[in-house]
There are 4 protein chains.
Amino acid sequence: MIKVGIVGGTGYTGVELMRLLARHDGVQLQAITSRKEAGMPVAEMYPSLRGHVDIAFSTPADASLDQCDVVFFATPNGIAMGEAEALLAAGVKVIDLAADFRIKDVAEWEKWYGMSHASPALVGEAVYGLPEINREQIRQARLVANPGCYPTAVQLGFLPLIEAGAVDVTSLIADSKSGVSGAGRKAEVHTLMCEAGDNFKAYGVGGHRHLPEIKQGLARAAGGPVGLTFVPHLTPMIRGIHATLYARLTRDIDVQALYQQRYAGERFVDVMPAGSTPETRSVRGANTCRMAVYRPQGGDTVVVLSVIDNLVKGAAGQAVQNMNLMFGLPEGQGLDVVPLLP
Amino acid sequence: MIKVGIVGGTGYTGVELMRLLARHDGVQLQAITSRKEAGMPVAEMYPSLRGHVDIAFSTPADASLDQCDVVFFATPNGIAMGEAEALLAAGVKVIDLAADFRIKDVAEWEKWYGMSHASPALVGEAVYGLPEINREQIRQARLVANPGCYPTAVQLGFLPLIEAGAVDVTSLIADSKSGVSGAGRKAEVHTLMCEAGDNFKAYGVGGHRHLPEIKQGLARAAGGPVGLTFVPHLTPMIRGIHATLYARLTRDIDVQALYQQRYAGERFVDVMPAGSTPETRSVRGANTCRMAVYRPQGGDTVVVLSVIDNLVKGAAGQAVQNMNLMFGLPEGQGLDVVPLLP
Amino acid sequence: MIKVGIVGGTGYTGVELMRLLARHDGVQLQAITSRKEAGMPVAEMYPSLRGHVDIAFSTPADASLDQCDVVFFATPNGIAMGEAEALLAAGVKVIDLAADFRIKDVAEWEKWYGMSHASPALVGEAVYGLPEINREQIRQARLVANPGCYPTAVQLGFLPLIEAGAVDVTSLIADSKSGVSGAGRKAEVHTLMCEAGDNFKAYGVGGHRHLPEIKQGLARAAGGPVGLTFVPHLTPMIRGIHATLYARLTRDIDVQALYQQRYAGERFVDVMPAGSTPETRSVRGANTCRMAVYRPQGGDTVVVLSVIDNLVKGAAGQAVQNMNLMFGLPEGQGLDVVPLLP
Amino acid sequence: MIKVGIVGGTGYTGVELMRLLARHDGVQLQAITSRKEAGMPVAEMYPSLRGHVDIAFSTPADASLDQCDVVFFATPNGIAMGEAEALLAAGVKVIDLAADFRIKDVAEWEKWYGMSHASPALVGEAVYGLPEINREQIRQARLVANPGCYPTAVQLGFLPLIEAGAVDVTSLIADSKSGVSGAGRKAEVHTLMCEAGDNFKAYGVGGHRHLPEIKQGLARAAGGPVGLTFVPHLTPMIRGIHATLYARLTRDIDVQALYQQRYAGERFVDVMPAGSTPETRSVRGANTCRMAVYRPQGGDTVVVLSVIDNLVKGAAGQAVQNMNLMFGLPEGQGLDVVPLLP
C-alpha cells in the first residue's frame, strides 16, 4: 500500500482527491493537513465523506509527511515550492496540483504569479504531468507539476493538429468556459451563487495565468513559439470546462482520422464520432477528456470541442493518474468512475 | 455472474441502473429494452456510458429476458404488471422500480393510478423493497416492489418515532422537496430549465400518488391508520430529496438516541450528530439516507430532516440493494460510491 | 420631489432600492453611503444601473443625510439604532430594512441579536412596516421597522386564519424556503455557487432570528401567545421565498373565501383561485405576496402556500411601499413592475 | 393609443411582449391569439401577468387582427409569411419576431429553413429591424423582420470594426453562448432542467440558421462577402446571450475609441470602459446590448464581448423599439426598464 499525504485538503481539489483515493485500493491515506482546521474530522467538514474517510485534519507538524510515499499539494500557489525540497530529500515523491513547477521559465512564472520562486532549481527537474505527452518521464519523476484545468483541456484539444504541423500556429484561439468550482472554495463575492448564478461572463481577457502554461506546451509540440488568444469565461455550473478551439488549416487533412489516431491508445481521451458534441456533464466526476472535431462548411477553419471535469482530469484525477504512473500501478487504478448523469 | 435485464432503459432510472451495474462485479448486463430506441447503442444516447456499457437497446422480443436471472422494470407505471407473471414463471426474479406492486389495496391503487390492475394476484406476493423494514422478506422474494422516492425519505424519517409509539400519528406532516429528475426524462413543459429553474413551487397539494404508499408503510409501523399531510415541492436542482417531517411527541424521549439506535446496524442510513443539517448534495450519487432530528426550543414538536438522492436510494440504488439481498450477495456490493461534492 | 438617502448601499437590498427608486417619479436619490466604496460610481459596481443611477458612493460625512426627507438603512443589524435618533431630530424620516426596531421586547431582541440595543427608547415609537396590518400607523410614522423577508411571507400567510380565530395557535408550523440572496452579498463559503448550487438544506432549525419577529406579529393577531415551529431552508435559486404553512382548524370554515375577503382590498397580496400553486418566479422583481390555501383531503389541516420576492416585498419594495404611505403618495407608486418570467 | 395584436402568444417571446407592452403607455393590447389555448385567460397561463393583462387568448378568427394598428408575430417560423399580406392590405403594420422575412435571398432562406417561402414578394419590402443600422427605413416600414437573438449580439459587436474596414473579413469568428430560453417553451428533452442544467455544450457547429442571417448583415457592412465561423453553445442559465467575437486587425486602430464613437448616440448600445467585462445579468430584462473591446497583449487580434437579453434586445424588446420607430413614438418608450440584478 502506498502511503499518501495531502497538504491543504480543505478546498475542492482536496476533497476530490479524497473521493478518488477512498476508492483506490492501492493506497492508504495517512494524513491531510490544514493549519486552520487541524483537529476537525474530515467528514465533519465534508459529510459526503462520512463512512469513507475517518481521519482528521492535522497540523503540518503532526502529519509526519516525510513518512509518506507520496505527498499531494492541494494548496494555493506558492506553498509547494517551499516544502518540496525537504520531502524529496526524505525520499517522498511530490505531486503539486498548484502552479509552482509548471512554467520552465522562472522569470516568466514570477511575472504571472507575482512572487519570487523559492525553489528554481527544482523547476528544471519537475515533470509536467500531462500523461498524454509525458508518460515516460512521469514514470521516472520524483516531482510532478500537475497541469492546470484550462491547460489540460486546451492542450489535449490542440495537440493533434500542432503535432501534425497542419495549422497556422501564429493565430490560435481558445475560447474556454469553466464552471465555478475552478475558482476554488474561497469566500469571495464574485463566486457567490447570487453573482455567478444565472449569469455568464468573460474574465481575464487581458491576460490569464494559464496563458503562458498553455503556450509553453503548445510551443513544445510546434517546435517553436505559438500565437494564442485565450479568453476564459465563467459559466453558471459547478463542474466542467468546455474549450472551443479555432485554428486555420495550412493543408487539407482528415481531421477526424487525425484525432482518432492520435488518441487511439489513450484511455482517458475519448474522440467522439464526427458530428457529435461533447457535453461537460458527460465527464462529470470522471477522468476523461472528451472531444469532437469539425470543419464547418468544409472550410479551412477547424473547430475542436474539448471537455473535462475541471476537478478530475483538470486536477485531482490527473494527479492520481500521475501517481499511478510514478509508482508503477495500472494507470487507471482508482479512476474507473462512471460519470454522474444527470 | 448474475444475468441482468432492464426493461425501459432510456429514462433516468435506467441510466442510473447502468451506472451502478457497470461497476458491480457480480453482475452482467445482458439486455436493455426500448421499443423506440431499439438498435441504438446505449452509449450513443448516453455518452457518459461510453467505455462502460457497450450493448445497444433491443426490442423486448430480441432481449430474451427470460434467460436473465433478474429483470428490472425502469418503466412508466402499468408496464411491469403486464409482464411480471411470465418472467416469474420462467424463473426470473423481478424488481419493479415503478409503482405497480407497491400498494396492497388494489382498489386504492386503481383509484390513484387511474387504471385497472392487470395482475392483482401478484400484488399480495410482492415484497415492498425497503430493506430497513423488510430485509428478510426481500431475501426470499421473487418479486420486489421498489419504493418511491418520496416514500423512502419520508418513511425512513418517521419510522423510529412511530415504531416507538412516541408521537401522535393522527397529525403527521411531511413537507418534501424534490429535484427535477424525480419527474423523469419526458419532454414536458413544466420541467424545462426555463420553467423549473430559478423557481420554487408546491404541487400535488390536494393529493399525490405517493401519499397512499407512505400511509400504508407508516400504518404498518403504527399498527393502525395514520393521518398524514404530505406536500411535495419542486426545487431547482437536478438530484435530491429533502423531507422535513413534523410530529407531536406524546411522551418525553431522547430522540437523538432513538434514531441512532434504530439505525445503528443500517449501512445505508446515516444519523448525523445532534445539531447537524443534512444537505442533499452530501448523498449525491450514493445510496445513503442521511438524517438529523430536532426538538426546536425543547418543545414537543419533533422535526426530522431526511435526505436521499432520489435516483439512487430513491430508485436505482435501492433496486440494486434489493437485488443483492435477493441473490445472497453482500448488501452493499456495487453501491460503495463516494458522493460527488461539489 | 422627495429627497432620498440610502445608508449602506452596496448589498442586495441597496441595489434593489436603487432599481425601484430609479423608476419612481416622486423621488430624487440624493446620496448613498458606503465607507468602503466611497468615491466609486454606483454604476461601476453595478453595471445594471449604468444609465439609471449616476451618483457615486459617498462617506457618511459627505452625504448630508440630514438634508434628506427620508433615509433608508440597507445596513447590517445594529447600524440604524445608532444613527436614527439624530436623523429624526433633524426632521428626517427613517426606514430601517434591518432588524433594529422590529422587536418590541428589547431584552428579547438583545438575546437573539447578540448586542445591546443603542436606542431602546425609539423601539416603542417605531412602527412595524407591514402595511397590510399597520397601514394607518405607517402613514403617521417617523420611524418604520421594515419587516424581515420570512416574517412577511409567513405573517401574511397565517393572518387570515388567526384573525378569524379559526386555528389552534399553539401548534403552527412554518416550513420556509429561501433563495440565496436572502443571505446578502457577503463573501461567505456557504453561499458560494459551489456550496449552495444544486443543493437543498435546512438551517437554523434550533432557532432563527426571524422566529421572535414572526411570533410577535402572530401573537398580536391572536391576542395572546402562539406556538410556532419555524424551519428555514436554503433552496438553489437567487430570489424568492416560499412559505408552506400548516395549522389545525378549530372549526369548519371556507378558507378560500376567508382569504379572498381578508385581502380583497390589498393591492400587493394576491389570493389565487382554489387549486392553484403559486410559484416564486411569478413574483420575481415585484412587490406582490401571492398565495393559495388548501384543506388536503378535506381534513382539518389547512395548508397555506405564500410566495414573495425576498428582495422586493421582503425588503426594498416593501420599504418603498412604506415610504409612499409615510409621504402621502399613492401606495403603489414606483412599484408597478411586471414580474420577470421566465 | 396604438391598437396591438399578438399572434401566437404562449411562448416566451409572447409573454415577454406582454410584460413590456403592459407598461407601455402608448399602446393598448387588443388581442392575443392561440389556437390551442383559446379561451384561457392569459394570466391563468402566466400568473406573473395577474393584474397586468386581463384578456384571454382568442382564436385567430375571433381576434379581429385587421382592426389593429400593428400585429406582432411571436410564432414559429413559417406562420407570418402566410398571414402578413392580408394584414398589410388591411392597413395593419406587421412585425415578425420569427425568421420569415430576415433573409433577402429566398433560395438561401428555403435551404436553411426547409420550406417553401409563401410570400417571396414581401421579402424585398421587409425591413430588417436592427435600428442601429436601419433606423430610417424602419420608420417608413410597413413590415419589419425582427432580427434573431444571436444575429443581434454578433452584428452589433462586429459592425464598428467592419464598417471601419479595420479587420480581415474572411476569417471572423463568433463564439456565442445562449441561455436556454432561446430554444423557446416547447416540450423537448434537450432543454429539460435535467439535461440543460449544470451542463455546457456546443450545438449546430456544422451549420445554424442564424449563420446566413449574420453573414448577410456583415456582408452589407463590408460591401462584400464575409467568412464567418459561428459556434453557438447552450449555457445553463435562463436568459442572456454572450457573444465572444474574434477578428484580425488589418491596421492599427484605437478600438475603444472606435466603438465609443460608433455607438455614441445609441441609447440601447452601451460600450463599457476599457478593461470591463459585460455580464449577461447586467442586461437581464432590459433592451440593452452591452459590450467591451480588447486587444489582448496588444496584438492584432481584437476580441469583442457583446451581451444581450435574448428575449428583450434579442426579441421582444427590439420589436417594441421597432414599433416605436414605425409609429413615430419616442424610440425608448416602454423600454426604460432597469435590469434585475441579482
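Analyst: Between chain A and chain D there are 29 residue pairs in polar contact, both residues of a pair being at pLDDT 80 or more; that confidence value applies because this is a predicted model. On the chain A side, β7 (172-178), α8, β8 (201-202), β9 (228-234), β10 (241-248) and β13 (301-308) each supply at least two of the residues that touch chain D. By class, this side of chain A divides into 19 nonpolar, 14 polar and 10 charged residues. The contact draws 43 residues from chain A and 43 residues from chain D. The size of an interface is often given as the accessible area lost when the parts come together. For chain A and chain D, the buried area is about 3500 Å², and carbon and sulfur atoms give 53% of it. Eight salt bridges are found across this interface. D175(D) and K177(A) form a salt bridge through their side chains, with an N to O distance of 3.1 Å.

Chain A also meets chain B, with 31 residues from chain A and 31 residues from chain B taking part in the contact. Here the buried area is about 2700 Å², with 63% from carbon and sulfur atoms. Across the interface of chain A and chain B there are four salt bridges and 10 residue pairs in polar contact, both residues at pLDDT 80 or more. On the side of chain A that touches chain B, α1 (12-21) and β11 (269-271) each supply at least two residues. The element that gives the most to this side is α1(A), with four residues. Sorted by class, the side of chain A that touches chain B holds 17 nonpolar, five polar and nine charged residues. A salt bridge joins the side chains of D270(B) and R50(A), at 2.6 Å from N to O.

Residues with these numbers also pair between chain C and chain D: R50(C) forms a salt bridge with D270(D), and the closest N and O atoms are 2.6 Å apart. This pair crosses between chains, running from R50(C) in the loop between α2 and β3 of chain C to D270(D) in strand β12 (residues 269-271) of chain D.

Other salt bridges lie within a single helix. In chain C, the side chains of E16(C) and R19(C) meet in a salt bridge of 2.6 Å, N to O. Both residues lie in helix α1 of chain C, three residues apart, about one turn of the helix, and both are buried. Their helix, α1 (residues 12-21) of chain C, is mostly covered, with nine of its 10 residues buried. Besides E16(C) and R19(C), the buried residues of α1(C) include Y12(C), V15(C), L17(C) and M18(C). The buried residues of this helix pack against α8 (193-196) of chain A, and within chain C against β1 (2-7), β2 (27-33), α2 (42-45), β3 (70-73) and α11 (312-326).

In chain B, K111(B) forms a salt bridge with E108(B), the closest N and O atoms being 4.0 Å apart. These two residues are both in helix α4 (residues 106-113) of chain B and are three residues apart, about one turn of the helix. K111(B) is exposed, with a relative accessible area of 58%, whereas E108(B) is partly exposed at 27%.

Over all chains, the whole structure has 95 salt bridges. Some are joined in a network, one of which links R185(A), E279(B), R281(B), E195(C) and K201(C).

As for annotation, the unreviewed UniProt entry lists C149(A) under "active site". C149(A) is found in helix α7 (residues 149-163) of chain A and is buried, at 13% relative accessible area. Leaving aside neighbours within four places in sequence, C149(A) is in contact with H210(A), I241(A), I308(A), N310(A) and G314(A). The unreviewed entry also gives "domain: Semialdehyde dehydrogenase NAD-binding" for residues 3-141 of chain A. Over that range the chain is 35% helix and 16% strand, with the end C-alpha atoms 17 Å apart.

Methods
Residues are numbered from 1 along each chain as its sequence is written. Chains are lettered from A and ligands numbered from 1 in the order in which they are written. This is a predicted model: local features need pLDDT of at least 70, side-chain atom pairs count only at pLDDT 80 or more; totals for chains, interfaces and linings use all residues. Side-chain values use heavy atoms; hydrogens and water are left out. UniProt positions are given in the numbering used here, feature names are shortened, and annotations may be inferred rather than shown by experiment. Buried means under 20% relative accessible area, exposed over 50%, partly exposed in between (1.4 Å probe, protein chains only). Contact means heavy atoms within 4.5 Å. Buried area is the accessible area (1.4 Å probe) that two parts lose on being put together, summed over both. A polar contact is a pair of N or O atoms within 3.5 Å; within protein, one must be able to donate a hydrogen and the other to accept it, and residues adjacent in sequence count only if both atoms are side-chain atoms. Ala, Val, Leu, Ile, Met, Phe, Trp, Tyr, Cys and Pro count as nonpolar, Asp, Glu, Lys and Arg as charged, and the others, Gly among them, as polar.
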